[in-house]
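Subject: Structure for you to look at

Hello,

Here is the structure I said I would pass on. Please open it beside this message; my notes follow.

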Amino acid sequence: LQQVLRSEYRIETEMAAAGYIIAMTGAGDTDEDLHRFVDALLAIDRTLHAAPFDRPDDPMLPRPAMALPPCDAEWLPAERIPADAAAGRICAETVFAYPPGIPLIVPGEVVNGEQLLRLLDQKRAGVALHSTSGALPQAIYVLRENCQSC
């Protein structure tokens with residue numbers, strides 16, 4: 001939707017995720033701008049047809065277990081590994097969706113396999129996932145094997 005609004009209607013949205021967009025107004029917006037936005041949405045809606053929507057039973061990501069306090073995990077030796085191999089490992093960096101900047105995994109948490117799959121699915125669906133190293137979605141930094149106090 002964000003791409004269609006931008007390319008076909010010259011309307012810029014604040015952000016887009018896999019299942020929604022955020023459109024904001026500002027001091028410079030006029031009634032005409034808002035009517036143009038509504039007209040664009042109605043026009044786009046007329047081009048769509050009903051389709052089944054596969055919504056997970058639980059849209060919340062599973063909360064990973066905390067193995068170490070973040071302040072400890074940030075300073076221990078870490079290694080870069082493929083993101084899809086990180087299940088069960090202790091994260092050494094912050095993984096977040098930006099915008100808005102919500103942390104999804106923080107240093108010291110054990111990367112959960114289901115959580116990882118859902119994060120990578122969201123990334124493929126267009127959610128802007130990042131990590132403090134910038135390695136996502138290809139890789140993630142985790143503590144070295146057997147390093148909980150090395």
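In helix α4, the buried residues are Gln115, Leu116, Arg118, Leu119 and Leu120; buried means under 20% relative accessible area, with a 1.4 Å probe and protein chains only. Helices are DSSP runs of H or I with at least four residues, strands are runs of E with at least two, and both are numbered from the N terminus.

The model is predicted, so local features need pLDDT of at least 70 and side-chain atom pairs pLDDT 80 or more, while totals for chains, interfaces and linings use all residues. Residues are numbered from 1 along each chain, and side-chain values use heavy atoms, without hydrogens and water.

Helix α4 covers residues 113–124. Its buried residues pack against β4 (95–97), β5 (102–105) and β6 (129–131); contact here means heavy atoms within 4.5 Å. Just after the helix, Gly126 has a positive phi of about 110 degrees.

What lines the largest cavity? The residues are Val95, Ile105, Leu116, Leu119, Leu120, Leu129, Leu136 and Ile140. A cavity is a set of points, on a 1 Å grid over the protein atoms alone, where a 1.4 Å probe fits but cannot get out, and lining residues have an atom within 4 Å of a point. Helix α4 gives the most to this lining, with three residues. By class, the lining has eight nonpolar, no polar and no charged residues; Ala, Val, Leu, Ile, Met, Phe, Trp, Tyr, Cys and Pro count as nonpolar, Asp, Glu, Lys and Arg as charged, and the others, Gly among them, as polar.

Regards

Definitions and conventions:
Expected span 1.5 Å × (residues − 1). Buried < 20%, exposed > 50% of the residue type's maximum accessible area, 1.4 Å probe, protein only. 1 Å grid on protein atoms, 1.4 Å probe; cavity = no way out; pocket = protein on both sides within 12 Å on 5 of 7 lines; lining within 4 Å.
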